[in-house]
Amino acid sequence: MNSSAQPIHSFTRHLSVFFSDVQARAVGLVFATESLVFGSWVAHIPHVKEVLQLSEGQLGMTLFAMPAGLITMNPLTAWIVSKLGQANACFWAAIALCCSLLIPVNATNVPMLVVGLYLVGLCSALINVAMNTLATDVEKANNIVIMSSCHGMWSVGGILSSLVAGIAIANHVPPGLHVAGVAIAVLLITFLVRPVLLSIPVVPPEKSASFVRPNLDLLLMIFIGLAVAMGEGLAFDWSAVYLRDTLKTTSQVAALGFGAFSLTMTLGRFMGDAIIPRIGARRWLLLGGLIGAAGLVLAVVIPTPVAALIGFALLGAGSSLGAPILYSAALRIPNIAPAAGLATFATFSFVGFLAGPPIIGFIAEGFGLNWGVLFVAFMLLGSALISRFVKLF
């Protein structure tokens, strides 16, 4: 086999292994459905902003309710997972997430919106740790590598949510009805995959695995993870707002911003298990930060819908492998229990995902959304610089 065909062969081989393994597919579906239902809410953030007549700063303040829920749940995550098991924790968290997302999309006042987003944060924190732990359990039990592909399935859910939301908006489907329909579909899938999830051999978590004081290696990973997660949060919560309110596109075109981001992120993540060993994890973190930052700068410097869509696509490509690389690395830090490293990194990373959008909102309130986008570009540049010093064990 010639050298030019080897990367393609490696890519297809990894995908074949992932999709032929029943347990890997089931975990991948959990990732996809979590993103699908969450992305359905994201598409309607501009609608909620308009209905409640919120400024960018006010919207940013309400979005802080999600990281508040996550921080509340974090000390309880390890205890809940140990009591229920990873599979049951995923199952019940998915049900709770579907139900809780019906609150913010139907909010008629700010307190209702805040309560709904707080509950979403609680559920997201639990399912995030549980599904990543399940992915590592499958890798250990079946001697395969699926972490990047699982995160790729998360991005597939994002693409589907963007497409379905665009169709729903174009046909004037009420946001509450749209999210309810997606939630019902996700609940059906959740019930179908539960028996397979329960069949996955469980690696018992350490009793002290809920949190650990980060050492220098973990701190560097956390900063990079925060920057990458802020990029994802920007695409989730602000891409549609940026396209519609700043660039004055239609709601249908605005919904494509997250779709462009998710498309390139999906391709990158499905290729990740094959290309990370070739490029090198640290080198990819450097390149990814630069590519993501360049995309955001492009979206601001050339303020047209086409340039913005290309910019969000570049952001997706640059951010695609950050989470799979860092989640795996957090499990292998010397002198830190694997589950503790994962839980600690996941918490801070997800805080970046949820707290980044409110911070962007505050910046947008004072200086304009363009500067909020550039703030994330600056964070990604910083992560690229720090990646030169991080140890990925």
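# Briefing: helices, aromatic pairs and a surface patch

Asn128 has its place in helix α8, which covers residues 110-142. This is a predicted model, so please read every value below as computed from it.

- Asn128 counts as buried because its relative accessibility is 7%, under the 20% cut-off.
- Leaving aside residues up to four places away in sequence, Asn128 is in contact with Tyr327, Ala346 and Phe350.
- Ser383 belongs to helix α17, made up of residues 369-386.
- With a relative accessible area of 2%, Ser383 is buried as well.
- The contacts of Ser383, again not counting residues up to four places away in sequence, are Phe223, Ile224, Ala227 and Gly289.

**Aromatic rings**

- A pair of aromatic rings is described by two values, the distance of the centres and the angle of the planes.
- The count of aromatic pairs comes to 7.
- One of them joins Phe91 and Trp92, with 5.0 Å from centre to centre and 80° between the planes, an edge-to-face arrangement.
- Phe91 is buried at 2% relative accessibility, whereas Trp92 is partly exposed at 46%.
- Phe91 also pairs with Phe191: the ring centres are 5.1 Å apart and the planes stand at 85°, which is over the 60 degrees needed, so this pair is edge-to-face too.
- The pair of Phe91 and Phe191 links distant parts of the chain, 100 residues apart.
- Phe91 sits in helix α6 (residues 86-100), and Phe191 in helix α10 (residues 175-198).
- Phe191 is exposed because its relative accessible area, 52%, is over the 50% cut-off.
- A separate topic is the aromatic cluster formed by Phe18, Phe19 and Phe270.

- Not counting residues up to four places away in sequence, Arg194 touches Asn88, Phe91 and Trp92.
- Phe91 and Trp92, both touched by Arg194, are the two partners of the edge-to-face pair with planes at 80°.
- Arg194 and Val30 are 164 residues apart along the chain, and their C-alpha atoms are separated by 9.6 Å.

- How many of the 24 residues of α9 are buried? The number is 18, so the helix is largely enclosed by the rest of the structure.
- At 1.5 Å a residue, α9 should span 34 Å, and the 35 Å between its end C-alpha atoms agrees with that.
- His172 follows α9 and has a positive phi, near 60°.
- Leu160 is found in α9, which runs over residues 147-170.
- Leu160 is partly exposed, because its relative accessibility of 42% falls between the cut-offs of 20% and 50%.

Conventions: Residues are numbered from 1 along each chain as its sequence is written. This is a predicted model: local features need pLDDT of at least 70, side-chain atom pairs count only at pLDDT 80 or more; totals for chains, interfaces and linings use all residues. Side-chain values use heavy atoms; hydrogens and water are left out. Helices (H or I, at least four residues) and strands (E, at least two) are DSSP runs, numbered from the N terminus. Buried means under 20% relative accessible area, exposed over 50%, partly exposed in between (1.4 Å probe, protein chains only). The expected span of a helix is 1.5 Å times one less than its number of residues. Contact means heavy atoms within 4.5 Å. Rings of Phe, Tyr and Trp (its six-membered ring) pair if their centres lie within 6.5 Å; planes under 30 degrees apart count as stacked, over 60 as edge-to-face and the rest as tilted.
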